[in-house]
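Student: Hi! Could we look at a structure together and talk through how it is put together?
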Amino acid sequence: MRLKCPLCGDRDAREFHYRGAAKLMERPEAGAGEAAFYDYVYLRENPVGANSELWFHELGCRAWLCVSRDVSSHEILSVELADAVKRGQA
Amino acid sequence: MVDLTGLSALEGLLPYEVDGAVLSAVSYGAITSIMPFRGQKTAVNVRLKADGGAALPRIGRVSGPVAKRLIWAGRGQYLLLDLRRGAAFDTTPDPAFDELAALSDQTSAWVVMRLEGARAQEVLARLCPLDLRAGVFKRGHVARTELAHMAVILWRRPKGFEIMVVRSVAQVAMRRLSGAMDSVAAQAVLGEIS
Ligand SMILES: [Zn+2]
């Protein structure tokens, strides 16, 4: 499997670290309450098809990446800098 | 005060040579990390040029003269290298950059090795997943990548490659490289590779 890092280009999957669902970027506000944090920490979608994920280019440029991956075929649908996604620039 | 003798992380271990490849240690005058603050890249470039250097290079590239060589070193990070061996340097970050970028002296944090020779690329191919063919990874190109599970900065030099690793893994990286050199040289002798 290969990922196309927006900075480094096409790279082997072994350079990357898989963190989890991209939902981790949507941390509730401090006062959001227990239910919101329970949902944020423990609950995940389990789609057949495109899944939004966070990957870290650990053995590369060390950028956090938002990756859309088809979990049934491993096809990489898109890769964006998490920083740009968070700031609405992707 | 006792006069201490500074030793490199690879003291007495290099150069290492096999048929077709030579691995040697490189010692730079100074290595400074420059991480421009958000929105300050243009101002950093102005400052660097005022100091007689070049602007920050593009992603995966190198810029600047020999005493002020700049290499891209990852997201938002550049290394300023004084390539003159043993050049005297001031480790105090230049206050002119205070509002523009985070500067840190990393001279003793990195260990630099140079791999040269006709089979240098074959040696690296054993350890690194990057396409290092001369037509793809060219002069002036630099990459952050993996070398035997270690994070490295790999840089195309006139006669081969330079490999920068953090000091703590210097000897492991050196042994993996020399092992790959042995392997490539042995297979060449046995006629298993051309
Ligand atoms: Zn990258």
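**Chatting about chain B**

Student: Which residues is B:Met164 in contact with, leaving aside its neighbours within four places in sequence?
Tutor: Good place to begin! In this predicted model, B:Met164 is in contact with B:Ile31, B:Ile71, B:Leu79, B:Leu81, B:Trp110, B:Val111, B:Val112, B:Ala151, B:Val152 and B:Ile153.

Student: And which residues touch the most other members of the largest nonpolar core?
Tutor: B:Met164 again, together with B:Leu79 and B:Leu81. That core has 37 residues.

Student: Why does this core lie between domain 1 and domain 2?
Tutor: Because both domains of chain B give residues to the core: domain 1 (9-27 + 108-194) and domain 2 (29-106).

Student: What does a second, separate core include?
Tutor: That one has 34 residues, among them B:Leu14, B:Phe137, B:Ala143 and B:Met174. As a general point, nonpolar side chains tend to be buried together in soluble globular proteins.

Student: New topic! How many helices and strands are there in chain B?
Tutor: Chain B has 3 helices and 11 strands. Reading along the sequence, you get β-β-β-α-β-β-β-β-β-α-β-β-β-α.

Student: Last one: what percentage of the residues of chain B count as buried?
Tutor: The figure is 44% of the 194 residues. Chain B exposes about 9800 Å², with carbon and sulfur atoms supplying 52% of that area.

How values were computed: Residues are numbered from 1 along each chain as its sequence is written. Chains are lettered from A and ligands numbered from 1 in the order in which they are written. This is a predicted model: local features need pLDDT of at least 70, side-chain atom pairs count only at pLDDT 80 or more; totals for chains, interfaces and linings use all residues. Side-chain values use heavy atoms; hydrogens and water are left out. A nonpolar core is a set of buried Ala, Val, Leu, Ile, Met, Phe, Trp, Tyr and Cys residues joined through side-chain atoms within 4.5 Å. Buried means under 20% relative accessible area, exposed over 50%, partly exposed in between (1.4 Å probe, protein chains only). Domain bounds come from an automatic or database domain assignment. Contact means heavy atoms within 4.5 Å. Helices (H or I, at least four residues) and strands (E, at least two) are DSSP runs, numbered from the N terminus. Accessible areas come from the Shrake-Rupley method with a 1.4 Å probe; for residues, only the protein chains shown count as cover.
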